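Dear colleague,

I am passing on the structure we spoke about, together with my notes on what turned up in it. Please read the notes with the model open beside them.

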Amino acid sequence: MAADSVRTFLHVGCGRSRQQDTTAAFNQPGWRELRFDIDPAASPDIVGTMTDMSALADASMDAVFSSHNLEHLYVHEVPVAVREFLRVLKPGGFVVLACPDLQSVCALVAQDKLLEPAYQSAAGPIAPLDILYGFRADMARGNLFMAHRCGFTRSVLLNLFRECGFAQAIVMQRPHPFYDLWLLAIKQGLPDGQARALADAHFPAEQRTAALADL
């Protein structure tokens, strides 16, 4: 494949994850991963924070992938980070983002299940408390980067990206056993069919019930 035909996605908050841990569509020969993280221990290509991506030029990325790190920011920092995503994207670029779904998690809290396992992960049982405030086991070991400082519901996430300048967005809300939101935000609008096809290519297959936002 010619080098000029390979597109680059910025893997924001990559941790120890690699390209194969992102989405099925990004895990293809036509995409190149650029790893970005605040923690030098993750050995990213670029060390930095979502609220200051000045190491990256304007309109330099074809896409941004961000999985479970927007919730680590304080509320007032979130729009700053989303506008940084918008700034580094090329005109035809897009964001794929995953984060906890507070609506489904809080349904468990309302049932007084704050400390009961919501699901089993590779790291062990995850309770609503871990989803809301950060994985306790990691924080107990000193990794306070794992603390959560804000959260989102479907409508809040959609409105956030709309207000920050994205032309179009699709969100998939997945309840038990996932308790997460998946968002596709497009810098410039696409016809509905193309936007949905792009979401289908990047969203997990399990419980794929994406709804196109009216932006």
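The buried residues of helix α1 pack against the strands β1 (7-12), β4 (61-67) and β5 (89-100) and against the helix α5 (154-163), where helices (H or I, at least four residues) and strands (E, at least two) are DSSP runs numbered from the N terminus. Helix α1 itself covers residues 78-88, and its buried residues are Val 78, Ala 81, Val 82, Glu 84, Phe 85, Leu 86 and Val 88; buried means under 20% relative accessible area, exposed over 50%, and partly exposed in between, with a 1.4 Å probe and protein chains only.

Before going further, please note that this is a predicted model, in which local features need pLDDT of at least 70 and side-chain atom pairs count only at pLDDT 80 or more, while totals for chains, interfaces and linings use all residues. Residues are numbered from 1 along each chain as its sequence is written, and side-chain values use heavy atoms, with hydrogens and water left out.

Once neighbours within four places in sequence are set aside, Phe 161 is in contact (heavy atoms within 4.5 Å) with Val 82, Val 95, Leu 97, Phe 166, Leu 183 and Ala 185.

Turning to charged pairs, the whole structure holds eight salt bridges, each being a side-chain nitrogen of Lys or Arg within 4 Å of a carboxyl oxygen of Asp or Glu. Within helix α1, Arg 87 and Glu 84 lie three residues apart, about one turn of the helix, and their side chains meet in a salt bridge at 2.7 Å, N to O. In the salt bridge between Asp 130 and Arg 136, at 2.7 Å, N to O, Asp 130 counts as buried at 4% relative accessibility, while Arg 136 is partly exposed at 38%.

As for the cysteines, the structure holds zero disulfides, a disulfide being a pair of cysteine sulfur atoms within 2.5 Å. For Cys 106, the nearest cysteine sulfur is that of Cys 99, 13 Å away, and Cys 106 counts as partly exposed at 38% relative accessibility. For Cys 150, the nearest cysteine sulfur is again that of Cys 99, at 8.5 Å, and Cys 150 is buried, with a relative accessible area of 13%.

Best regards
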